Amino acid sequence: MDLGISALNYVNGIKNNEFTVEEFISESLEHINQVDKKLHAFLRINDFAIKNAREIDTKIKSNQNVGKCYGMPVSIKDNICIEGSKTTCASKVLENFISPYTSTVISKLNSEDAIIIGKTNLDEFAMGLSTEFSAYGPSRNPWNTDYVPGGSSGGSGVSVSANECIASLGSDTGGSIRNPASFCSVVGLKPTYGLVSRYGLVSYANSIEQIGPMAKTVEDSAFLLNIISGIDSNDNTTVDNKNQDYLTDIDAGINGKKIGIVTEMTNPDGLSTDVLDTTNDAIKTFEKLGANCEQVSLEMVRYAVAAYYTITSTEAGSNLARYDNIRYGYEFDSSGFEFNSYISQARSKFGPEVIRRMILGGFVPSAGHAGKYFSKALKVKSKLTAEIKHVFEKFDYLISPTVPIQPFKFGEKINDPVSLMMVDFNTVTANLTGIPAISVPYKITNGLPIGIQIMANHEEEHSLLQAAYALEKTVDLPEVPI
Amino acid sequence: MTKIGLEIHCQLTKLESKLFCSCKADYRGFEPNTNICPVCMGIPGSLPLLNKSAVEKATLIAMALDCKTPNRIAFFRKNYFYPDLPKNFQITQLNAYGNTSIGWEGKISVENKEIKIRRIQLEEDPGRLIYEGATEKTELTLVDYNRAGTPLVEIVTEPDFETPHQVREFLNILSDLLENLNVSDPGLEGAMRADANVSIEGGSKVEIKNIGSFHDLEKAVHFEITRQQSLAERKIEIIQETRHWDDGRKITVSARTKEEEAEYRYHLEADIPWVRIDDNTKNQLQLHMPESISSKKERYVSKYGITSQVADILSSDRYFSELFEKANNETNAKDIANMITTDIMGLLDTREKREMSKLEGDHISDLVEYIKSNKITRASAKLALDEVIKNGKPLSQIIEDLDLGHVSDEATLSDIITEVLNEEAKAVEDAKQNPDIVNFLVGKVMQKTRGKADPELTLVLLKKNLGVK
């Protein structure tokens, strides 16, 4: 059985009785069992996956209504809540946290008969871009296990890339979907802020983050977006997309479309030679597809990473303040503690990157320093948003390589936080401005993937997916060596 | 000059649900930690959902206090660690990036003095800490989150008060106003709390917290002024500090000598999009704003000739003024008002009694009419009121059930009088010498009729019978 098939082919396979849900799920579980010891994409496997599969098979056999997913195995980043099961955010602080409710995206997947195959690894509280900051050990890149898979949704990227599941949901605060998508050679979409409900996503920087699909194909991304998007009464920031069907006319092409090549994101000084060459090649491909490409400068992009870390640290400091181990958390005897000392003791379980960002988050918005840091960061954000608005009056899309470099080796950057931050250079703009952005696998060089990022204006996912589809159809990539 | 400013926290207890979730706004009477959900417990991944009615009620307060109101409001996070705060930040408001709180620059008149309102904001109440034993020696701190997320309106005044008495008057007026707006029930335990800032000429500002009641607030402010004056007389510096009111010793005590400068790292709450309050909404709110207490009082006096004292009592109480409005049929307004203030207020003097009461406006207007047309005596009217409050039956039926009808029929009354005269032979003899004894005999007739006899007719008949003038 080919576990590497797309979501749409899986659905066809089930409909044509090529295999049953149970057969596919049990073979997937077996595959996970074999490869995940090495890859460590998963933190936990769903013990009820086979039972769920049998239930859906029964529905199919008895001609009952079956949801669009027909039991396809989907993995979920472990910062998205499912009632009655653990959501750890790859942190020791939430080691024993069992969510009392289910997130909106999971409810939607469940009602379409997806099977949640397991919860995937991430950098602790989604802070990082290599999974090296997971409290439970890193995931490994299936293209070369000496290399990081990207992050923070690294486990999700690996699980899709290594065919441990059909698709995955990740979250993207500054590139956390697109970065591992690029590093693992899968499609990763960060939707417009508000298009997908965040209800049940454990907040890191709630003003800019989104849940999004990670999938094998652009069509699969559209398929999943159809399911998870839309207004939600449990999230006041969601927008009404009028049940738009993102699969319709996905093959419309981009003939005559205007594409802006973001100068700051394609600067030869910032890119590795291979990434630069690949980007230039992608530009030629877009032109062959009938689009008009030209350089466009976004001045504020230079400050975007600084603004991003200032804003996200501030919000993280606030969002993670609740982890005081009073209402939930881990076993910890409180006797003998006065509550201030209890809280600080309880919070000593955070890992180094989370602590770094919370210290930063305590400083940059504080009374004496906000003017120099936090307020300036907000100014960059609003100026960048204005710039983006302006360029989308002229262009349909903006493009860049998703990540300025290819996957790096474990430990290579962990002691150099600033160089690690610069890896986010091309991805944070979409988060700061709220626009949708997608990473499309474009090339395998030196045995490691390179992805191309396409951005579009607010709520232009339909058009964005058309461009991504057109690009995807021009490439023919090797199978993952797993 | 003495300057006193207040920070008042008032729960919007009349709302159905909390500020950001669907748990009950009035948490009283629940077992600890049963009026909670993922949102008000700050469970990871939960998101605040703004209660739009809370915004309207708070805006109503701002309008009633003559505040300027914004076209759009925003919420901010105030970050600090405390075990009663489930998220370790409070969602509140802040006039940063322009005025985005519920209201600002308002005013209210207290004893002919204008007290300016600096700011009004909408925020969430934290939970409650319960210490086992004395606070200092407690081994165990328990947290009840039932209150966490209750909608709270904070009203900050300018330091315009000069005396503790003005403070007390202001709080009484404000409390009546909030009750009249039907946004809060200030009588509920903990529904209205206040902190005070006190400074005297040349001294620093001292904040007094932890004050249980308005009565204590007046005392605390009084104590604090005296304390500061006595320091000033002895040329001792008055330091800027926070002091707590010690309810047992009736004094203020320093909370900490060196209060750390508060660092709240305020920033926008992105989970709640800015809320527009357009002119149409404001007009609608203004249109449905309950009549103010002063306008009610004025109307009661000028339109119905109700005395100023009665009008004052009636208008400042939402429940009884509503009862008056319902009972009032424009003909017996003054009598209705008097009956409410003299008889009914005494019978319904607690919240529980009011909630249980079956008394309707019609009962009161009927009763007043019955008294006027001599169908019932005042004494019987009280008995009838007791009964109506209990069972809410129509007045006519209660009079029949209890046999409270007026005895003004001459034949019936004559029979009773004859009976009394036979029983009281000595008094009859005495009455011929001393006419005052007649009143004793009237009393005896009233006794026999259980207060139903028409007193005037009884007197006439008795005198006729005894042959006295």
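**Briefing: a helix pair, a chain contact and annotated sites**

Helix 15 of chain B and helix 16 of chain B are oblique to each other (angles under 35 degrees count as roughly parallel, over 145 as roughly antiparallel, 65 to 115 as roughly perpendicular and the rest as oblique). The model is predicted: local features need pLDDT of at least 70, side-chain atom pairs count only at pLDDT 80 or more, and totals for chains, interfaces and linings use all residues. Residues are numbered from 1 along each chain as its sequence is written, while chains are lettered from A and ligands numbered from 1 in the order in which they are written. Helices (H or I, at least four residues) and strands (E, at least two) are DSSP runs, numbered from the N terminus.

**Helix pair in chain B**

- The axes of helix 15 (residues 437–448) of chain B and helix 16 (residues 455–466) of chain B cross at roughly 125 degrees and come within 10 Å. Axes are lines fitted to C-alpha atoms, for helices over the stretch in contact, with angles from 0 to 180 degrees between N-to-C directions.
- Helix 15 of chain B passes helix 16 of chain B in a right-handed crossing (the near helix is turned clockwise from the far one by less than a right angle; anticlockwise is left-handed).
- From helix 15 of chain B come Val438(B), Leu441(B), Val442(B) and Val445(B); they meet Pro455(B), Thr458(B), Leu459(B), Leu462(B), Lys463(B) and Leu466(B) in helix 16 of chain B. Contact means C-beta atoms, placed from the backbone, within 7 Å.
- The residues of this helix contact are eight nonpolar, one polar and one charged. Ala, Val, Leu, Ile, Met, Phe, Trp, Tyr, Cys and Pro count as nonpolar, Asp, Glu, Lys and Arg as charged, and the others, Gly among them, as polar.

**Contact between chains A and B**

- Chain A gives 30 residues to the contact and chain B gives 26 residues.
- On the side of chain A that touches chain B, helix 9 (301–319) and helix 10 (339–346) of chain A each supply at least two residues. Helix 9 of chain A gives the most, with three residues.
- That side of chain A has 13 nonpolar, 12 polar and five charged residues.

**Annotated sites in chain A**

- An unreviewed UniProt entry places the feature "active site" at Lys77(A), Ser152(A) and Ser176(A). UniProt positions follow the numbering used here, feature names are shortened, and annotations may be inferred rather than shown by experiment.
- These residues spread over 100 residues of sequence yet cluster in space, with a largest C-alpha distance of 10.8 Å.
- Lys77(A) lies in strand 2 (residues 73–77) of chain A. Lys77(A) counts as buried, with 33 C-beta neighbours inside 10 Å. A residue is buried if 20 or more other C-beta atoms lie within 10 Å of its own, exposed if 12 or fewer, and partly exposed in between, with C-beta atoms placed from the backbone.
- Ser152(A) sits in the loop between strand 3 (115–120) and helix 5 (154–161) of chain A. Ser152(A) is buried too, with 36 C-beta neighbours inside 10 Å.
- Beyond four places in sequence, the contacts of Ser152(A) include Asp123(A), Met127(A) and Ser176(A).
- The peptide bond from Gly151(A) to Ser152(A) is cis, with omega near 10 degrees.

- Ser185(A) has phi near 65 degrees. Ser185(A) is buried, with 27 other C-beta atoms within 10 Å.
- Lys250(B) has phi near 55 degrees. Lys250(B) is exposed, with 11 other C-beta atoms within 10 Å.

Conventions:
Two residues are in contact if their C-beta atoms, placed from the backbone, lie within 7 Å.
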